[in-house]
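Have the sequence and the 3D view open side by side.

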Amino acid sequence: MTELHIQCERVLDALASGIIITDADFTIRFVNRTFQDSWQPGAQGAVGRKCFDAFPGPLCHGPECPLVRIADGAERIAYHDQRHCKCGSHPSCTVLATALKTGEGRFSGIVESFTDASTLKATQRALVRSHERLRKAMGGVIQAMSLTIEKRDPYTAGHQRRVAKLCRAIGRELGLSWEC
């Protein structure tokens with residue numbers, strides 16, 4: 001093993017994401033320490049085995065298998081996976097599978113990077129809640145502005161509400177959603 005090879009393994013072992021490197025024949029050539037320890041305890045026995053034997057799943061050998069799709073020419077595929085997350089600490093993960101190619105551009109294998117999706121899902125939920133709070137706050141600001149204008153000019157009192165009601169009715173007839 002060359003010094004460069006050893007350094008590359010150390011770098012891959014230091015990553016927070018789980019990494020699996022598979023050759024063109026679907027034989028697992030490398031599993032980093034993060035994947036072994038955090039994603040699938042016992043995965044160190046996977047090296048030298050076919051990926052479909054080490055980690056069997058419903059997509060294996062089928063046209064939807066990400067590894068088959070990459071072997072057939074796709075450069076990069078992102079997908080969600082739960083089968084590698086059997087330890088329970090990661091209910092699901094996002095996997096980015098990328099083709100490895102030789103210097104001549106010939107397919108030589110695949111690198112899969114596993115990232116905990118629970119953080120992303122929690123961030124999405126927080127963003128939805130924040131958006132809802134902002135929408136409600138904006139509605140309150142608009143209502144306050146409307147009341148202020150109505151108090152200053154009694155002639156136009158209620159006009160804004162009637163126009164808003166008419167706009168909502170027109171939007172409904174056009175098939176627009178409430179958010180538009």
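Predicted model: local features only at pLDDT ≥ 70, side-chain atom pairs only at ≥ 80, totals over all residues.

In it, 5 strands make up an open sheet, and reading across you meet them in the order β2-β1-β5-β4-β3. The pairing is antiparallel. At the edges stand β2 (28-31) and β3 (76-81), each with a single partner strand, so one side of each has no neighbour in the sheet. From one strand to the next, the twist averages 20°.

What holds strands of a sheet together? They pair through backbone hydrogen bonds, which can be parallel or antiparallel in arrangement.

## Where β1 meets β5

Now zoom in on one pair. Strand β1 covers residues 18-23 and strand β5 covers residues 107-116; the two run antiparallel and are joined by 6 bridges. If you want a landmark, take Ile19, whose bridge partner in β5 is Ser113.

## Thr22

Is Thr22 buried or exposed? Its relative accessibility is 1%, so Thr22 counts as buried, the cut-off being under 20%.

Leaving out residues up to four places away in sequence, Thr22 touches Thr27, Ile28, Arg29, Ser108, Gly109 and Ile110.

## Ser146

Over to helix α5, which spans residues 118-152 and includes Ser146. With a relative accessible area of 13%, Ser146 is buried.

How far apart are Ser146 and Gln160 in space? C-alpha to C-alpha, Ser146 and Gln160 are 6.9 Å apart, with a separation of 14 residues in sequence.

Key:
Residues numbered from 1 in each chain as written. Heavy atoms only, no water. Pairing = 2+ DSSP bridges. Helix = DSSP H or I, 4+ residues; strand = E, 2+ residues; numbered from the N terminus. Axes fitted to C-alpha atoms, helices over the stretch in contact; angles between N-to-C directions. Buried < 20%, exposed > 50% of the residue type's maximum accessible area, 1.4 Å probe, protein only. Contact = heavy atoms within 4.5 Å.
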